[in-house]
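Open the model in your viewer and keep the sequence panel beside it. The stops below go one selection at a time.

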Amino acid sequence: RAARCSIAASWHRSFNRHGLDPAKRAAANVLRAPELRARRGEAEQLIEIAASKLARLHGLVGASGCAVVLTDAAGVILDQRFADGDAAAFHGWGLIEGADWSEESEGTNGIGTCLVEGRSVIIHRDEHFFSKNVAMSCIDSPIFGADGKLIGALDVSSARADQTGSNNLLLAAMVAHPARQIEADNFNAAFADARIVFAGREDADRNA
């Protein structure tokens, strides 16, 4: 089944490649402050470009119990936004700056699996590998750099017990658009001295 289903393939990797136990209850691995500062320094341009998009996206989804998260290509959280009332839940799950949400560390999850697959994913509740994470629904879109290499992921995680598959699909569309905006702005910044020509229909989304 792993050859036909991305979630099954991720569970297979979690079991067999990473040797993880789905019953593990330990907290997420969190980088020490100096390590996190170094990571954020390396991703300074990405963080700066993404900041306004994270704020705008959180403004749309934050009141419904969702966190908005930006990670680097290794799955380390660089920035996150959530409502004060949801802080305890997300802190309890380890969705905090410096936490490692790679698939190697947390098994099947929105951030880690998105980065391994290099494409948008939805990991809904008990599709998570660790039983401690099954209360979340995670919707992620990858972010690619100006050279075409993966540089991070944009994540929306929901703490709502009544989160549905149809809601996840709506959130997926809301996550994908700012991820493409971040890519476009990052590309423009990487070639600030160049003249960039956009090709396509006049009514087309230039960030598509």
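## Stop 1: E103

Select E103, which is buried because its relative accessible area is 2%, under the 20% limit. This is a predicted model. E103 belongs to helix α5, residues 103-106.

Show the side chains around E103. Its side chain makes a polar contact of 2.5 Å with the side chain of S10, and another polar contact, of 2.6 Å, links the side chain of E103 to that of R13. Beyond neighbours within four places in sequence, the contacts of E103 include S14, H18 and L20, as well as T108, N109, G112, T113 and V116.

## Stop 2: the aromatic pairs

Next, select W11 and F129. How are the two rings arranged? The pair is edge-to-face, since the planes meet at 65°, over the 60-degree cut-off; the ring centres are 4.9 Å apart. W11 sits in helix α1, and F129 in the loop between β3 (121-124) and β4 (137-144), so the pair ties together parts that are 118 residues apart in sequence. W11 is partly exposed, with 25% relative accessibility, while F129 is buried at 1%.

Now move to F82 and F90. These two rings form a stacked pair, 5.5 Å centre to centre with 25° between the planes. Both F82 and F90 are buried.

The model has 7 aromatic pairs in total.

## Stop 3: D21

With F129 and F130 still shown, select D21, which touches both, not counting residues up to four places away in sequence. D21 is in the loop between α1 (6-17) and α2. Is D21 buried, exposed or partly exposed? With a relative accessible area of 45%, D21 is partly exposed.

A polar atom of the D21 side chain lies 3.0 Å from the backbone nitrogen of A23. For a distance across the model, pick the C-alpha atoms of D21 and T164: they are 27 Å apart, and the two residues are separated by 143 residues along the chain.

## Stop 4: the second largest pocket

Finally, select R39, G41, E42, A43, E44, Q45, L46, D72, I151 and N186, the residues that line the second largest pocket. Helices α2 (33-42) and α3 (44-61) are the elements that each give two or more residues to this lining. Colour the lining by class to see 3 nonpolar, 3 polar and 4 charged residues. The space in the pocket comes to about 190 Å³.

Key:
Residues numbered from 1 in each chain as written. Predicted model: local features only at pLDDT ≥ 70, side-chain atom pairs only at ≥ 80, totals over all residues. Heavy atoms only, no water. Helix = DSSP H or I, 4+ residues; strand = E, 2+ residues; numbered from the N terminus. Buried < 20%, exposed > 50% of the residue type's maximum accessible area, 1.4 Å probe, protein only. Polar contact = N/O pair within 3.5 Å; in protein donor to acceptor, adjacent residues only side chain to side chain. Contact = heavy atoms within 4.5 Å. 1 Å grid on protein atoms, 1.4 Å probe; cavity = no way out; pocket = protein on both sides within 12 Å on 5 of 7 lines; lining within 4 Å. Points joined across faces, edges and corners; volume = space filled by probe spheres on them. Nonpolar A, V, L, I, M, F, W, Y, C, P; charged D, E, K, R; others polar. Phe/Tyr/Trp six-rings, centres within 6.5 Å; stacked < 30°, edge-to-face > 60°.
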